[in-house]
Amino acid sequence: MNDVIRELSWRGLINQTTDDVNLPKLLLEKSRTVYAGFDPTADSLHVGHLMALMILRRFQKAGHRPIAVVGGATGMIGDPSGKSEERKLLSEDSLRANIAGMEPQLRRFLDFDCGPRSALLVNNYDWMGRFGYLEFLRDVGKHFPVNVMLAKDSVRARLERTDAGLSYTEFSYMLLQAYDFVHLYQQHDCELQVGGSDQWGNITAGIDLARRLRGVQLYGCTCPLLTKSDGTKMGKTESGALWLSAEKTSPYQFYQYWINLDDADVGRCLRFFTDMGQEEIESLLGEHQRDPGKRLAQRRLAQELTQLVHDQEGLHTAERATEIFFGAEINHLNDAQLASIFADVPSKQLPREKLATGLPIIDAFVESTLSKNKSDARRVITQGGAYVNNRRIEGIDCTLGLNDLASESTIILRSGKKNYALLRFV
RNA sequence: GGGGAGUUUCCCGAGUGGCCAAAGGGGUCAGACUGUAAAUCUGAUGGCAAUGCCUUCGAAGGUUCGAAUCCUUCACUCCCCA
């Protein structure tokens, strides 16, 4: 049994535990069961879920059994913790679709087939869905003193606001999550719940309920919230969240997010999100310090995480794309390779004759929508910001022909440093 | 209801008869620098068959060789007095 608490703590993954003395002992004694909840608010997990996922993963590696709970029931209610206003309710259909999207992603982080420590994936709708209202009030609600509930941070914060209310529905949320813990204890002997620091109130509610209902002592452990050194939320891009699904955030974009991470955040992220050991991380950071321009730490972080989330193949695609986006001329590629590398890039189909008869470079830029009109295209080209297959264009009179194709049917246009577009000739 | 101020290009804002496709700033785009950051510097920024032509200064008419600029009407915005 590895000392998982010690590992989590040097990695900075522990914000607080409900019992700093007994919890580590318990976890060293024998294999225990631990759970974390995931709200199905979208059809994919995002970077915000990574912390909890990695914690479960480390528990499993240390010899414990992780349970991932998707909140099919709780998701219907909406957790008020950390939310400044009442949440919109999700329909049952979209919840189902969301859960279906999250499942395969969870499987990437946890091992579901390794004997007694195999991870479990459960949906709390399976036990909450059938619960009758009266039954719930009598069996569960009875054990919640309202004054205690009112004292919870998540509730108080909302009540103090004058511009946002808190509905009875959301107020009841913590009862559901508390009951989850009790249920998992009964069914799976689960004794520990982990979550973000904003989950403290919900976790302790579950522990209290278990004591009252079953007379047992359960445990909780929270991790810090994931923020960047500049105070902004980690995993937020201009275009929204950084998703774990390749459809919502391409492996390239995912990889690039980590490559571009601030020096100040990279050490923490290496500890949080990679399986690298303490010494290895220290020496990598030392090396990074000597030549920060090389971005050694960011590069390693991006590699580790992209591989974990998108597999070896996704990492390859991302790295190849990076090479091309920041590198040399493009040629000798085939359509399939280009399609995966330039998955995020707008493309346009044109008849092949256009190219065969010679396509003026200005028209090509307008067609690709890189330039909104011919004057714009002319401007970019004369200023030296226009590239075909990453080769700079000299002169506005240039004409594209069949031998400018980078692959069977595609020409890659670029305006400036990072605006790409594809023209496909079919 | 009476009086006053205003409406300019992506945004703010200058422009009171020709030198106005319209100052300046912001934004945006491009270039240089750089660590794929920030900052900085430089250039560009209505359209086109481009040393020219066409369209644009709230809308429509008018005066004039010539109008963002002067006149008339209309629309909208703001301020003051009732």
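The points below go through a predicted model of a protein with an RNA strand.

1. The surface near the RNA. RNA strand B is surrounded by 24 residues. The closest of these are Gln 256, Asn 260, Ser 375, Arg 379 and Asn 419. Sorted by class, the surface near RNA strand B holds 13 polar, seven charged and four nonpolar residues.

2. Which part of the RNA faces the protein. Among the atoms of RNA strand B within 4 Å of the protein, 63% are sugar or phosphate atoms. The rest belong to bases.

3. Individual polar contacts to the RNA. Two of them involve phosphate oxygens of RNA strand B. A polar side-chain atom of Asn 419 is 2.9 Å from one phosphate oxygen, and a polar backbone atom of Ser 415 is 3.1 Å from a phosphate oxygen. A base is also reached: an N or O atom in the side chain of Asp 263 lies 3.0 Å from a base nitrogen of RNA strand B.

4. Helix H20 has the largest share, with four residues.

5. Asp 376 in helix H20. This residue sits in helix H20. Is Asp 376 buried or exposed? Asp 376 has a relative accessible area of 18%, and buried means under 20%, so Asp 376 counts as buried. The side chain of Asp 376 reaches the backbone nitrogen of Lys 372 at 3.4 Å. Apart from neighbours within four places in sequence, Asp 376 is in contact with Leu 370 and Ser 371.

6. Helix H14, an enclosed helix. Helix H14 covers residues 263-273, and eight of its 11 residues are buried, so the helix is largely enclosed by the rest of the structure. The buried residues are Asp 265, Val 266, Gly 267, Cys 269, Leu 270, Arg 271, Phe 272 and Phe 273. Their cover includes helix H1 (4-10), helix H3 (50-61), helix H13, helix H15 (278-290) and helix H16.

7. Helix H11, length and burial. Helix H11 (residues 173-188) has 16 residues. From its first C-alpha to its last it reaches 22 Å, close to the 22 Å expected at 1.5 Å a residue. Helix H11 is mostly covered, with 12 of its 16 residues buried. The buried residues include Tyr 173, Leu 176, Phe 181 and His 183. Just after helix H11, Asp 189 has a positive phi of about 60°.

8. A five-stranded sheet. Five strands form an open sheet with mixed pairing, in the order S9-S15-S14-S11-S12. Strand S9 (347-350) and strand S12 (391-392) are at the edges with a single partner strand each, so each has one side without a neighbour in the sheet. Strand S11 (residues 386-388) and strand S12 run antiparallel and are joined by two bridges. Which residue of strand S12 is the bridge partner of Val 388? The partner is Arg 391.

9. A parallel pair of strands. Strand S2 (residues 33-38) is joined to strand S3 (residues 65-70) by six bridges, and the two run parallel. Thr 33 stands opposite Arg 65 in strand S3. Strand S2 is mostly covered, with five of its six residues buried.

Methods:
Residues numbered from 1 in each chain as written. Chains lettered and ligands numbered in written order. Predicted model: local features only at pLDDT ≥ 70, side-chain atom pairs only at ≥ 80, totals over all residues. Heavy atoms only, no water. Near = heavy atom within 4 Å. Polar contact = N/O pair within 3.5 Å; in protein donor to acceptor, adjacent residues only side chain to side chain. Nonpolar A, V, L, I, M, F, W, Y, C, P; charged D, E, K, R; others polar. Buried < 20%, exposed > 50% of the residue type's maximum accessible area, 1.4 Å probe, protein only. Contact = heavy atoms within 4.5 Å. Expected span 1.5 Å × (residues − 1). Pairing = 2+ DSSP bridges.
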